[in-house]
There are 2 protein chains.
Amino acid sequence: MVNIKDVAIRAGVSVTTVSRVLNNRGYIGKETRKKVEKAMEEINYSPNQIARALQKSQSYILGIIVPDSNHPFFSELIKHVEITANEHNYKVLICNSLDQLEKETKYISMLKENRVDGLIMCSHTLDVEEYKKLSFPVVTFDRIIANHFPYVAADNYRGGEIATEHLIESGCKKLLHISGPLKLDLLPNRRTDAFRLTCMKHNIDHEVIEGTQDNLTFDYFSDFIESEVSVKLTDFDGVFCSNDLVAYALYLYAAKNNIKVPEQLKIVGYDFHSFTRMLQTPKLTTIAQPVSRIGKILSTTVINMVETKELDSINNSVVDVELIKGETT
Amino acid sequence: MVNIKDVAIRAGVSVTTVSRVLNNRGYIGKETRKKVEKAMEEINYSPNQIARALQKSQSYILGIIVPDSNHPFFSELIKHVEITANEHNYKVLICNSLDQLEKETKYISMLKENRVDGLIMCSHTLDVEEYKKLSFPVVTFDRIIANHFPYVAADNYRGGEIATEHLIESGCKKLLHISGPLKLDLLPNRRTDAFRLTCMKHNIDHEVIEGTQDNLTFDYFSDFIESEVSVKLTDFDGVFCSNDLVAYALYLYAAKNNIKVPEQLKIVGYDFHSFTRMLQTPKLTTIAQPVSRIGKILSTTVINMVETKELDSINNSVVDVELIKGETT
DNA sequence: GTCACATGTGGTAAGGTTACCACATTATTT
DNA sequence: AAATAATGTGGTAACCTTACCACATGTGAC
């Protein structure tokens, strides 16, 4: 592979001069610049970013850890993170933690060894302490790790509130909420808080079933509905689901068992990701998280921290959610 | 950031010795090893892969360029590529070309500058010549670039054949095929070849509508059906679509316009990616491309080329497709 | 004519790691 | 006892780039 020295020799100048042409820094004679550019062209020179990264202690690489890059929400998030990063000349390394603590740990040390400039954390199995040692900025999605780790999230409380109020306004009397796992203190738990409080405020009977584990696949949710939810279902006339896949699985279960939606049972989902947007039967009533905005903000936040060299920041972002009225309420 | 020298000083040995411990190479005394490991632990040392990459001229990074990482097919492909790469200690940089030639070009030079070890090419707007200059192995999905660039593909001809035969066996007399763009010589065009030949073999009237541009979003396909396909639709009783999103859009159009599927119109899709697998109404009849196998093979093929230092290879892989009988035929 | 400053160019250390050679000590073979 | 091999450790160039200092020439001001 040709290097800057080869260019220098060919152009009859020093490596310093070539470097100056490359980086457009300092004074360069017009003729010299031309000679150098011609030489670069002729020998098909391509600057070595690895050497640059070593020299500058900056890789222009971001890591993103997600539970499952094929999940429609994360898939879309990743796309927008990547596009925004690319606009700022950053690259993105994707990591699938598959919700395994061990994998998450391994990925983090891999990213550390590769001296990524920053990390976007969307998988939350690890203990908080693990992040504190990191020497690069970390931005999380939907989780508060500590005061100085900024997070980006859609307004989870408001989402839960809107969803619950919508069910109540639609005439539901006994509400069920199928939540995500509540062990860790994740921001989506606010949806559950909002569900409880809103029900109490309106004096509505309610219950919460906790999703034991976030496997995040449709098949898993389908089984979950069958095994954990179905027995209780007859008691309720409205269900607020933690995500659209659960809502869809629930809808299908209802359809199969002759429970009429929305007449007998109203269903509200959460996410409105690409799967839900494409899905036409039924059009789910759901809470839209503006995933493209979230992705964009995740990228710009972490890049901003990289460029200002601030490891800490309290620049949290909470974006608005929106009720999408479909046919299931 | 601490480096190998700091470890050496702390452990009271030379950097060479530390390097030997790190890489488990050569002779090391038992006591020395312990001292070094203890020192590494104490100062929280993390080897700098950037320096290693520079030294060894190997980055252990693969690039993957796709049209749209949020498309359900590519999203799933990427996941499996990443998981397999990770098993072999490689990392994956994702690039969304958005089917823009300019972006594809820019990504390629970015990957070149970052000295990726190999490239998995799933976006095909560029001219063949562009790839030939690259100094790292390239593996493509669904495209023959040149003899020495290996490709991985599902058996497109067979897929087209199965789909068409299935429609004929189901009693269709006039068949339509909505293809992808046929300009470039891509392997999916074999589906169209198969469609034509199979129809001719069975003496079946048929027609092909070429998808002008691969925007790959559901909304685009929906509009496309409305504007390009709808007028002709009454002439046909069976449609073979180039992908499931088109098939789904077509199904919805038919449903909306009181064309009964499958009684009046039979529809076969292509891909059986995660969207289609989750979709329950309708269960599409489609051709399954084993995307997890494809992803795995893409990764292992390119990694194998990296490790054997062979830039050329004729190790093409064609994997079997399968008819998934749904409710649309 | 001298000084200050702008312009243009070059040499080299440093960034963190490993490959390679060199050397010292101990163990084994003949 | 001498020769050879195995074991253990250290010094340093190289990978490619940029930052930094040094130097040379030209220009305008006083």
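## The sheet of chain B

Strand β8 (residues 238–241) of chain B runs parallel to strand β9 (residues 266–271) of chain B, and three bridges join them. Within this pair, B:Val239 has B:Ile267 of β9(B) as its bridge partner. Here two strands count as paired if DSSP finds at least two bridges between them; helices (H or I, at least four residues) and strands (E, at least two) are DSSP runs numbered from the N terminus. The model is predicted: local features need pLDDT of at least 70 and side-chain atom pairs pLDDT 80 or more, while totals for chains, interfaces and linings use all residues. Residues are numbered from 1 along each chain as its sequence is written, chains are lettered from A and ligands numbered from 1 in the order in which they are written, and side-chain values use heavy atoms, leaving out hydrogens and water.

The pair belongs to an open sheet of six strands with mixed pairing, ordered β7-β6-β8-β9-β10-β12 (chain B). At its edges are β7 (205–210) and β12 (322–324) of chain B, each pairing on one side only. From one strand to the next, the twist averages 20 degrees. Helix α11 (residues 244–256) of chain B lies across β6 (174–179), β8, β9 and β10 (285–288) of chain B, at about 155 degrees to β9(B). Angles run from 0 to 180 degrees between N-to-C directions, with axes fitted to C-alpha atoms, for helices over the stretch in contact; contact means heavy atoms within 4.5 Å.

## The sheet of chain A

Chain A also has an open sheet of six strands with mixed pairing, in the order β7-β6-β8-β9-β10-β12 (chain A). Three bridges pair strand β8 (residues 238–241) of chain A with strand β9 (residues 266–271) of chain A in the parallel sense. One of the residues involved is A:Gly238, whose bridge partner in β9(A) is A:Lys266.

Helix α9 (residues 189–201) of chain A packs on this sheet and touches β6 (174–179), β7, β8 and β9 of chain A, its direction making about 165 degrees with that of β7(A). Helix α11 (residues 244–256) of chain A packs on the sheet too, touching β6, β8, β9 and β10 (285–288) of chain A.

## Around DNA strand C

Which residues come nearest to DNA strand C? Of the 25 around it, they are A:Thr17, A:Gly29, A:Thr32, B:Ile4 and B:Tyr45; a residue is near if one of its heavy atoms lies within 4 Å. The surface near DNA strand C divides into 10 nonpolar, 12 polar and three charged residues. In this scheme Ala, Val, Leu, Ile, Met, Phe, Trp, Tyr, Cys and Pro are nonpolar, Asp, Glu, Lys and Arg charged, and the others, Gly among them, polar.

On the base side, an N or O atom in the side chain of B:Gln55 lies 3.3 Å from a base oxygen of DNA strand C.

## Around DNA strand D

DNA strand D is surrounded by 23 residues, the closest being A:Ile4, A:Tyr45, B:Thr17, B:Gly29 and B:Thr32. Of its atoms within 4 Å of the protein, 62% belong to sugar and phosphate. Phosphate oxygens of DNA strand D lie 3.2 Å from a side-chain N or O atom of A:Arg25 and 2.9 Å from a polar side-chain atom of B:Tyr27.

Terms used: A polar contact is a pair of N or O atoms within 3.5 Å; within protein, one must be able to donate a hydrogen and the other to accept it, and residues adjacent in sequence count only if both atoms are side-chain atoms.
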